[in-house]
Amino acid sequence: MPKPEILDPQGKAVLGALPRLGFTGVTEVRQGKRFELEIPEITDDALAQIEKLAETFLANTVIENFVVRVEEPAK
Amino acid sequence: MKIGVITFPGTLDDVDAQRAVRVGGNEAVALWHGDHDLQGVDAVILPGGFSYGDYLRCGAISRFAPIMTEVIEGAQKGLPVLGICNGFQMLVESHLLPGGLLRNDHLKFICRDQKLRIENNSTAWTSAFAKDQEIVVPLKNGEGQYVADADTIKRLEGEGRVVARYLDVNPNGSVNDIAGITNEAGNVVGLMPHPEHAVETLTGSGIDGLGFFTSLAEKVLAR
């Protein structure tokens with residue numbers, strides 16, 4: 001996600017469209033990205049590596065925050 | 001001087017940059033993103049374009065191209081590096097320059113003749129200009145809004161590291177009208193507008209950009 005102090009022009013554009021579509025009551029929209037990475041086995045090493053790749057590549061920590069979450073795939 | 005111009009997949013201003021280098025009296029060396037070889041050049045230009053289709057973030061994938069290992073290492077040792085537009089985006093993604101570049105505040109791609117003030121003429125790339133010289137060069141970007149946290153902006157302003165500032169119109173919402181910045185050493189410069197498109201009268205966009213391509217030689221001659 002763009003950091004809170006960073007203006008998010010795309011989120012602002014989405015927010016601007018909401019009243020035109022009849023959706024009221026939304027005061028803020030921020031737009032981010034979601035990446036789904038699959039790994040064969042969830043281990044501490046693998047998670048540490050994913051944390052590192054998120055920090056160095058998927059996110060630009062100058063302007064973006066990120067969170068790594070573990071989810072089991074739907075069977 | 002031998003100035004290398006790196007071509008990435010999706011680069012589109014490399015040929016103009018090479019030509020500007022030659023018009024500026026230097027030798028242009030075409031460099032390839034996939035090589036680990038700067039071919040002994042004296043300086044490097046990261047040209048504009050849409051490398052890797054701007055996927056992930058502009059410059060984020062190119063920043064990890066093989067040749068960037070040598071560029072980053074060289075830049076840290078004083079190699080002059082100029083990043084124009086997409087090249088500027090690569091320099092902030094590489095952390096060779098602080099801050100980031102976001103979507104223009106008005107959300108539209110913009111293309112215009114842009115007036116700039118060259119506020120720092122002591123960098124490797126701007127010594128041919130007079131201090132506070134005003135120039136007009138083409139500007140064309142979709143994600144050119146320069147941002148950085150308040151401390152970084154204060155430091156850039158305090159240390160005179162704003163190389164170029166937008167005059168008359170802020171075309172993309174950049175903080176403090178910042179169009180280009182340099183690193184502490186003054187060898188790395190990132191610039192959103194395109195001086196390489198303004199080096200010959202033939203193309204009708206003036207020759208105000210030429211100084212970026214003659215500065216290196218002047219700096220060497222002045223030694």
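User: Which strands does helix α3 of chain B lie across?

Analyst: In this predicted model, helix α3 of chain B, residues 86-93, lies across β3, β4 (81-84) and β11 (188-191) of chain B, and the helix runs at about 120° to β4(B).

User: And what is the strand order in the sheet?

Analyst: In chain B, nine strands form an open sheet in the order β2-β1-β3-β4-β11-β10-β9-β6-β7, and the pairing in this sheet is mixed.

User: Which strands stand at the edges?

Analyst: Those are β2 (27-32) and β7 (133-141) of chain B; each has a single partner strand, so one side of each is left without a neighbour in the sheet. Averaged over the sheet and with direction ignored, neighbouring strands are turned by 20° against each other.

User: Take β1 and β3 of chain B, then: do they run parallel or antiparallel?

Analyst: Strand β1 (residues 2-7) and strand β3 (residues 43-46) of chain B run parallel, and three bridges join them.

User: What stands opposite B:V5?

Analyst: That is B:I45, which belongs to β3(B).

User: Switching to chain A, how many helices and strands has it?

Analyst: Chain A has two helices and zero strands. Its domain assignment gives domain 1, residues 1-32, and domain 2, residues 33-75, and the C-alpha centres of these two domains of chain A lie 25 Å apart.

User: What is the radius of gyration of chain A against that of a compact globule?

Analyst: Chain A has 16 Å, whereas a compact globule of 75 residues would have a radius of gyration near 11 Å. Along the principal axes, the C-alpha atoms of chain A fill a box of roughly 45 × 35 × 15 Å.

User: What share of chain A is buried?

Analyst: Buried residues make up 8% of the 75 residues in chain A. As for its contacts with a separation of 6 or more, 35% of them are between residues 24 or more positions apart.

User: Last one: how many residues of chain B are in contact with chain A?

Analyst: There are 11 residues of chain B in contact with eight residues of chain A, and the chain B side of this contact has four nonpolar, three polar and four charged residues.

Note on methods: Residues are numbered from 1 along each chain as its sequence is written. Chains are lettered from A and ligands numbered from 1 in the order in which they are written. This is a predicted model: local features need pLDDT of at least 70, side-chain atom pairs count only at pLDDT 80 or more; totals for chains, interfaces and linings use all residues. Domain bounds come from an automatic or database domain assignment. Two residues are in contact if their C-beta atoms, placed from the backbone, lie within 7 Å. Ala, Val, Leu, Ile, Met, Phe, Trp, Tyr, Cys and Pro count as nonpolar, Asp, Glu, Lys and Arg as charged, and the others, Gly among them, as polar. Two strands pair if DSSP finds at least two bridges between them. Helices (H or I, at least four residues) and strands (E, at least two) are DSSP runs, numbered from the N terminus. Axes are lines fitted to C-alpha atoms, for helices over the stretch in contact, and angles run from 0 to 180 degrees between N-to-C directions. The radius of gyration is taken over C-alpha atoms; the globule rule is 2.2 Å times the number of residues to the power 0.38. A residue is buried if 20 or more other C-beta atoms lie within 10 Å of its own, exposed if 12 or fewer, and partly exposed in between; C-beta atoms are placed from the backbone.
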